[in-house]
Protein chains: 2
Amino acid sequence: MSTQYRVAVVGATGAVGQEMRRTLARLNFPISDLVCLASAKSAGKELDFGTATVTCQELREDSFKGVDLALFSAGGAVSTRFAPIARDSGCVVVDNSSAWRMDPSVPLLVPEVNPQDADRHSGIIANPNCSTIQMVVALKPLHDAARITRVVVSTYQAVSGTGAKAMAELRRQVEELQRGTDARPEVYPHQIAFNCLPHIDVFLDDGSTKEEQKMVDETRKIMGDSTLKVTATCVRVPVCNGHSESVNVELAEDLSPQEARALLSATPGVIVEDDPATQLYPLAIRASGTDPVYVGRIRRDPTVTHGLNLWVVADNLLKGAALNAVQIAQLLDQRGLIRVPR
Amino acid sequence: MSTQYRVAVVGATGAVGQEMRRTLARLNFPISDLVCLASAKSAGKELDFGTATVTCQELREDSFKGVDLALFSAGGAVSTRFAPIARDSGCVVVDNSSAWRMDPSVPLLVPEVNPQDADRHSGIIANPNCSTIQMVVALKPLHDAARITRVVVSTYQAVSGTGAKAMAELRRQVEELQRGTDARPEVYPHQIAFNCLPHIDVFLDDGSTKEEQKMVDETRKIMGDSTLKVTATCVRVPVCNGHSESVNVELAEDLSPQEARALLSATPGVIVEDDPATQLYPLAIRASGTDPVYVGRIRRDPTVTHGLNLWVVADNLLKGAALNAVQIAQLLDQRGLIRVPR
């Protein structure tokens, strides 16, 4: 019988926190006790966990005493402050924010891609950006087979990636426009209903956004290849849940669409949906609520010596966030790594 | 005083036909008489033309007698059959379908890009695909300055490009989902509301769609450069009107984002919206109902020697269709080319 852990979810009431609770229960993660943590205003709320309910507690410096593992999804500021506190009290942290991802001492993990990096953790493990996770799951088998040299990616990202308030904003704006009134933007700088916003996270000095830079930096770190060239354009679209990505790949060696399909079909966590004759290709509405990364529209790009185009779709709250975090926890459990190295 | 023309609009009741009537009136195209043509079931309908109304007539083989110029937007089958009939009765055809675009004897015109090609017309001039038009308007000044060698484009295309029925389908599906019922697909093969469909026009043998192949072939023909490499992924998004495009460009020579902005700002028909500090970038909802091609998010792509990323947005019914057709008519008028060469 496996060890049972005392597990905390930090940000337990948020869109990702809710999926973390559901996924821990659904995958039967060995939990003796679930601690739900959030801001003071959520303290006292009763939160679902499987068939039970757990009372939400306010996140405090002493919240991690006796906790073995904490899944954080409460934003960068909370992670920056509380992840070291948790680790110092002996709790292993799987952090969904961007705060620790590029720290050289912190593994950035996608279990299908770089499980070996788990071994060198020192108490904090980072969960990558949602857009990056689904892309690297699709790219890894192609990289192993024919070495990817350059990626040009454009994303079609759902509002759920911003959180529950953004999902409500999309619904509200649709109703406002149906009533003939202006669609009032609050969460986003501009109307998201029936519109596309080429702006996710903050702008950087070079004109890219932080989301775009994350896809560059995190892809290299996860794939363990600092020479891999990635350029990204990240776009919010009026989709409730499920990110889609148009991925153009240049390879060092030849890889036919047939070979790519065979490799991807044999990859754990990937489902190939690619049959134009039956109008089968990955769709956000079908991916939403499911675990796999879906890949389709696999075809040659004849404008380079060895090129492919792909369409990659996944549930950004599940594989892009909560599921990947719980899969990291499972990996740590299997390897006996749910302990902070001294 | 300029010549006045007898002008026909074929497909006068459709989404593009309506914009053709509006644009002809708004730009004061010199018209002595407007003939509105459509299928038998629309015959007798009263259609707006400026402050007047015109009775729609059934399209027939003798519809073009005495007509100087016809703007066609009634699908490929109608254009294939009736454009030669119109031309043979001395009527110059500007055709919005894809039927004639790749015919070597037919100029494919974007007046800002290749006006010189008008001179060699033999009675039929083709209006390019909507996605192609807005892209080539943005690319031409960059190509002239630093020679574009390769383009990787992913599109975010509005439902209005499919026509009035698709616009109604998006509205209806949104309401169905609000009521908690399934969103029934009729025009599209899958639900378009809150979803992205990587499928526009029919699939070809190589796994690409005809829309994607159009962007490749038409861009080369309009730019007059058969060596220009283009790979496209075309995606329908739940936007009512206004196509957006993520365009990655490789150049033969260096061109800084600043230089690209200056070149584009000086290009007729282009408006540069590119100020991250004020969250200014092109948006479909703002482009909708307006004439320009908007370009923003201009930044270096450091993964190639000379690379840029752009975000290009335009009203697909206006610059992408009706406006470009009327601008072709204006160009023909200015050059005395509204006559079928014998």
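Helices (H or I, at least four residues) and strands (E, at least two) are DSSP runs, numbered from the N terminus. The model is predicted: local features need pLDDT of at least 70 and side-chain atom pairs count only at pLDDT 80 or more, whereas totals for chains, interfaces and linings use all residues. Residues are numbered from 1 along each chain as its sequence is written, while chains are lettered from A and ligands numbered from 1 in the order in which they are written.

**View 1. Chain A as a whole.** Chain A has eight helices and 14 strands. Its radius of gyration, taken over C-alpha atoms, is 20 Å, close to the 20 Å that the globule rule gives for 342 residues, so chain A is as compact as a globular protein of that length. The globule rule is 2.2 Å times the number of residues to the power 0.38. The C-alpha trace of chain A spans about 60 × 55 × 40 Å along its principal axes. Of the 342 residues in chain A, 56% are buried. A residue counts as buried if 20 or more other C-beta atoms lie within 10 Å of its own, as exposed if 12 or fewer do, and as partly exposed in between, with C-beta atoms placed from the backbone. Two residues are in contact if their C-beta atoms, placed from the backbone, lie within 7 Å. Among contacts in chain A between residues at least 6 apart in sequence, 68% join residues at least 24 apart.

**View 2. The two domains of chain A.** Domain 1 covers 5-128 + 321-334 and domain 2 covers 132-316 of chain A; domain bounds come from an automatic or database domain assignment. The contact between them takes 14 residues from domain 1 of chain A and 20 residues from domain 2 of chain A. On the side of domain 1 of chain A that touches domain 2 of chain A, helix H8 (residues 318-334) gives the most, with three residues. The residues on that side of domain 1 of chain A divide into eight nonpolar, four polar and two charged. Here Ala, Val, Leu, Ile, Met, Phe, Trp, Tyr, Cys and Pro count as nonpolar, Asp, Glu, Lys and Arg as charged, and the others, Gly among them, as polar. Between the centres of domain 1 and domain 2 of chain A, taken over C-alpha atoms, there are 25 Å.

**View 3. Where chain A meets chain B.** The contact joins 44 residues of chain A to 44 residues of chain B. The elements of chain A that give two or more residues to this side are strands E9 (148-156), E10 (229-233), E11 (243-251), E13 (293-300) and E14 (307-314), together with helix H7 (284-287). On the side of chain A that touches chain B there are 22 nonpolar, 15 polar and seven charged residues.

**View 4. Asn309(A) in strand E14 of chain A.** Asn309(A) is buried, with 24 other C-beta atoms within 10 Å. Neighbours within four places in sequence aside, Asn309(A) is in contact with Asn248(A), Arg297(A), Arg299(A) and Asp301(A), and also with Thr231(B) and Thr233(B). Asp68(A) is 241 residues away along the chain, and its C-alpha atom is 43 Å from that of Asn309(A).

**View 5. Val10(A) and the largest nonpolar core.** This core has 228 residues, and those with the most contacts inside it are Val10(A), Ala70(A), Ala138(A), Val10(B) and Ala70(B). A nonpolar core is a set of buried Ala, Val, Leu, Ile, Met, Phe, Trp, Tyr and Cys residues joined through C-beta atoms within 7 Å. Leaving aside neighbours within four places in sequence, the contacts of Val10(A) include Leu37(A), Leu59(A), Ala70(A), Phe72(A) and Phe82(A).

**View 6. Ala86(A) in helix H2 (residues 76-88) of chain A.** Ala86(A) is buried, with 28 other C-beta atoms within 10 Å. Not counting residues up to four places away in sequence, Ala86(A) touches Phe64(A), Ala70(A), Cys91(A) and Val93(A).

View 7. Asn28(A) is exposed, with 9 other C-beta atoms within 10 Å, whereas Arg297(B) is buried, with 27.
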